[in-house]
Amino acid sequence: EKGGHEYFMLKEIEEQPEALANTLRGHFDKGRVILDEQRLSDQDLREVDKVFVVACGSAYHSGLVAKYAIEHWCRLPVEVELASEFRYRDPVLDRDTLVVAVSQSGETADTLEAIRHARDQKARVLAVCNTNGAQIPRESDAVLYTHAGPEVGVAATKTFLSQLAANYLVGLALAQARGTKYPDEVAREFAELEAMPAAVHKALSTVDQVRELSRGIADSKAVLFLGRHVGYPVALEGALKLKELAYMHAEAFAAGELKHGPIALIEEGLPVVVVMPSPKGRAVLHAKLVSNISEIQARGARTIVIAEEGDDTVRPFADELIEVPAVPTLLQPLVSTVPLQVLSAEIARSRGYDVDKPRNLAKSVTVE
Ligand code: F6R
């Protein structure tokens, strides 16, 4: 049942191209993005003037990526918030607020309570969920199912990539409702998404290299992760995976923050994973990150760099270079997350831990 793999998580990592294709399938027809359930009128969607994405853990990281896409495509302000924080402040919500609740299980207690609070304030709720008929989609005004299939590993992998893809679809659905993108532009963005399962398949060719590399990190005290723009949530996800699977201290920073404190942590031999933006798509940020890497390398850090294939400018600063395929900037998290998943799973395995069942964690968190 593990399909020849030593643990389910690796099988599920390898199933990601298929999971992504399943998320996209059926959500675009006759030139339009379609949701699975919509108890909202097109008018309601058109009138949305503010978006909150609420979620926990990895789902929250998928929401951080969504912010970049939705703001860019829809010209709508987007806030992304941990569900457990959202409901205990007094967020400003009304009928024109769309709350996007992202939850694989659809049963996460904090996310459920957050949408109940939002609906009490008359906000509209759209659920992105992997589990048909779960409580969160049942209590939402619209639903987009990720259709990633069941996930056995406790740590989210293929469901995370599917959440990313579903969130992009939510962005396109809003852009089409609001008219901030012409139908042919929506169709073009969807076509870019359809090319992603093949790109993720290519990103999986890094598995052997990452396995090998992970052995050299298994005894480290800590690992830092750096990223910018959509690479920042990827860094956060990489750090979360390493904590939960390998029980290692792992922390992610927005690379621009390095000089404001975290650079003091850099010491001889400390592994630092850097998620690079595309040298073509984000040339300015790319140059700034190259400069960050040279600084930390000069202070003795061991740099592990995830970069677009053919990115030669970063090569001299990468003690280990992991190349992922070139894809549109906003979609980069779909490919750059893959080696980070393998890294944490393989470090966990080297340390002798059960990759599929990390200690103290449950697949579905139904208590607050
Ligand atoms: C991390 C992980 C968790 C979940 C979080 C939310 O690998 O799996 O952080 O992402 O508990 O779960 P859902 O998406 O079911 O609401």
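Guide: A salt bridge here is a side-chain nitrogen of Lys or Arg within 4 Å of a carboxyl oxygen of Asp or Glu. This is a predicted model, in which local features need pLDDT of at least 70, side-chain atom pairs count only at pLDDT 80 or more, and totals for chains, interfaces and linings use all residues. Residues are numbered from 1 along each chain as its sequence is written, and side-chain values use heavy atoms, leaving out hydrogens and water.

Searching the whole structure gives 27 salt bridges. One of them links Glu 113 and Arg 116, with 3.1 Å from N to O. Both residues belong to helix 6 (residues 109–120) and sit three residues apart, about one turn of the helix. Helices (H or I, at least four residues) and strands (E, at least two) are DSSP runs, numbered from the N terminus. Glu 113 counts as partly exposed because its relative accessibility is 23%; buried means under 20% relative accessible area, exposed over 50%, and partly exposed in between (1.4 Å probe, protein chains only). Arg 116, at 31%, is partly exposed too.

Helix 4 (residues 57–74) holds another pair, Lys 67 and Glu 71, which lie four residues apart, about one turn of the helix. Their salt bridge is 3.1 Å from N to O. Lys 67 has 28% relative accessibility and so counts as partly exposed, and Glu 71, at 24%, is partly exposed as well.

Lys 181 and Glu 189 form a further salt bridge, their closest N and O atoms being 3.6 Å apart. Lys 181 counts as buried because its relative accessibility is 15%, whereas Glu 189 is partly exposed at 21%.

Some salt bridges share partners: Glu 6, Arg 211, Glu 346 and Arg 349 are joined into one network in this way. Of these, Arg 211 is among the buried residues of helix 11 (residues 207–215), along with Val 207, Val 210, Leu 213 and Ser 214. The buried residues of this helix pack against helix 1 (8–14), strand 12 (302–308), strand 13 (320–324) and helix 14 (333–350); contact means heavy atoms within 4.5 Å.

For the protein chain as a whole, the charges comprise 41 positive and 53 negative, and their mean positions are 1 Å apart. Lys and Arg count as positive and Asp and Glu as negative, without His and the chain ends; each charge is placed at NZ of Lys, CZ of Arg, CG of Asp or CD of Glu.
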